[in-house]
Amino acid sequence: MSKRWSLALASSLITLSLAACGSPGQPGSAANETPGGGQGAASGEPYKVGLVYSKSGPLATYGEQYRQALTVGIDYATKGAGAVGGHKIEISEQDDAGDPAKAVAAATDLIGKGNKIIAGSTASGVALQVAPIAADNKVLFISGPAAVDAVTGANKYTFRSGRQTWQDVATAGAMLGDVSGKRITVLAQDSAFGKANIAAVTAVLGGKGGKVDSVAVPAAATDFTPFATKIKESKPDLLFVAWAGTNATAMWTTLEQQAVFDATKVVTGLDIKPTHPLFGAAGTKIDFLSHFFDGAADNAVYQALDKGMKAQNASVDLFTNDGFVAGQMIVHALEASGDDADKMVAALEGWKFEGPKGQMEIRAEDHALLQPMFTASLKKEGDNVVPVLGKTLDAATVAPPVTPFK
C-alpha cells in the first residue's frame, strides 16, 4: 500500500493553505504557473513525488533517516510552505524493503499514477534497477543513500542526493598518504555495495600503486571467523572495511576477537550513531572516513537540518544530509517545471548550492554530486562514544572521474 502525505511544515506535517499571491517561484505564487512561466499541473493540483525507499529490511534505519530529513529539506527549501508555485508537494511513499524487484514494481506503479519525480533508493541494487525506468518513462529520479558509482552517469534523468563510493575511497586515500607498494585488503559484503567498494579501492588506491586484494563475505553471513583469520594471516598494510546492515556488530566483534586491529591498520566508513560503541576499545584505533555525521559541519543549512530533526524527536546522523539535499533538489526541480522532466533536468545540471555539509555542485556532464568529505575518529565521552572531526576535504580533492551517460 502507498502511504500519502502532504508536506508543509516538516516539524509538524501540517498542510497549509496558500494565498494566491506573490511572485513566481515563491510560496503563494499563482497556482497555474510554474516559476519559469510555463504551465504546470492544473490549478490547485499537487505536485506528485514518489518515494521508494527501505522502510523495512536490512537498511530500514538508513531509510528512516533519509525520509525524516527529506521533509526537513522540503520545508527549508519552500520556506515552510511545503509547496511550489501554489502547488502542494505530495509524497507517495512505498517500501521496497531493499528488494530491487519490489522497487521496480513500486516505481512503475507511481509513474503510472502521475508522479513526475521518484526519490529514494537506500540500497545500491535498487538504484541500479530504478534508474533505467526513469529514462524509459522520462521522469526525474533522485537516488538517495545508495552509494554505488554506476548511478552516476546512468542516464540524463538520474541524479543522486548522497555521495558515491569513489568519494569514500578517495577520502581514505587522502588520509593514508603514499600507498605505492602497500598491500591493501578490502573486506566487503558480496553485494552491489560491496563489489562497488572493491572496484573503487582497486581503481583509486590501486591506481596509486597499491596492491589490492579482497575478502568478499555473503551479505547474510553470521560466522565471520574464517574471514577474520584469513585477513590476520595475510597481514596487509591496510584493511579497508566496507559494510552496511544489521550483521555489522557480529563482524566487528569477530575482527576484535581475532586481534585483527593489532595486526594491521584499519580504515572504514563511519556508520550511524548506534554503531559507534560497537568497536569497543578498538574504536579509537580506527581511521574513519565519513560523508556526514553529527557535528561534521556548522552552517545555516546544517542548523536548519538539526532543528528539523529535533522537532521530529530525532537527530542529525549519517544519511540525514542525503534526505535534506533530496528535498532541496526536488524543490529546485519543481521550480523549473511541475511536469516537464527535461526542464527539471536542465535546472539541476550544474546547480551549485549550500547543503548541510557545505557547498555542493551537481556536475552537468554525469550528475555526480560534488561535495566535501570528512575524516574522523571516535572518543569516549562519559558513557558515550562520539565522533571527532579530523579534516574536511574539499569537493575537488575527492571528485570522481567523469562518467559519460550511457
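Select residues 358–362, strand β14, together with β13, and you will find the two strands running antiparallel and joined by four bridges; strands here are DSSP runs of E with at least two residues, helices are runs of H or I with at least four, and both are numbered from the N terminus. Two strands count as paired if DSSP finds at least two bridges between them. The model is a predicted one, in which local features need pLDDT of at least 70 and side-chain atom pairs count only at pLDDT 80 or more, while totals for chains, interfaces and linings use all residues. Residues are numbered from 1 along each chain as its sequence is written, and side-chain values use heavy atoms, with hydrogens and water left out.

Staying with this pair, pick Glu 354, which stands opposite Gln 359 in β14.

Next, display the open sheet of seven strands, whose order is β9-β8-β10-β11-β12-β16-β17 and whose pairing is mixed. Its edges are β9 (211–217) and β17 (384–393), each with a single partner strand, so one side of each has no neighbour in the sheet. Neighbouring strands of this sheet are turned by 25° against each other on average, direction ignored, where axes are lines fitted to C-alpha atoms, for helices over the stretch in contact, and angles run from 0 to 180 degrees between N-to-C directions.

Zoom in on β8 (residues 183–189), which pairs with β9 in the parallel sense over seven bridges; here Val 186 has Ser 214 of β9 as its bridge partner.

Finally, turn to the largest pocket, with a volume of about 720 Å³. A pocket is an open set of points on a 1 Å grid over the protein atoms alone, where a 1.4 Å probe fits, with protein on both sides within 12 Å along at least five of seven lines, and lining residues have an atom within 4 Å of a point. Of its 44 lining residues, select Leu 59, Gln 189, Phe 193, Trp 243 and Ala 244, the closest to its centre. Elements that each supply at least two lining residues include α3 (124–137), α5 (192–204) and β10.

Technical notes: Grid points are joined across faces, edges and corners, and a volume is the space filled by probe spheres set on the points.
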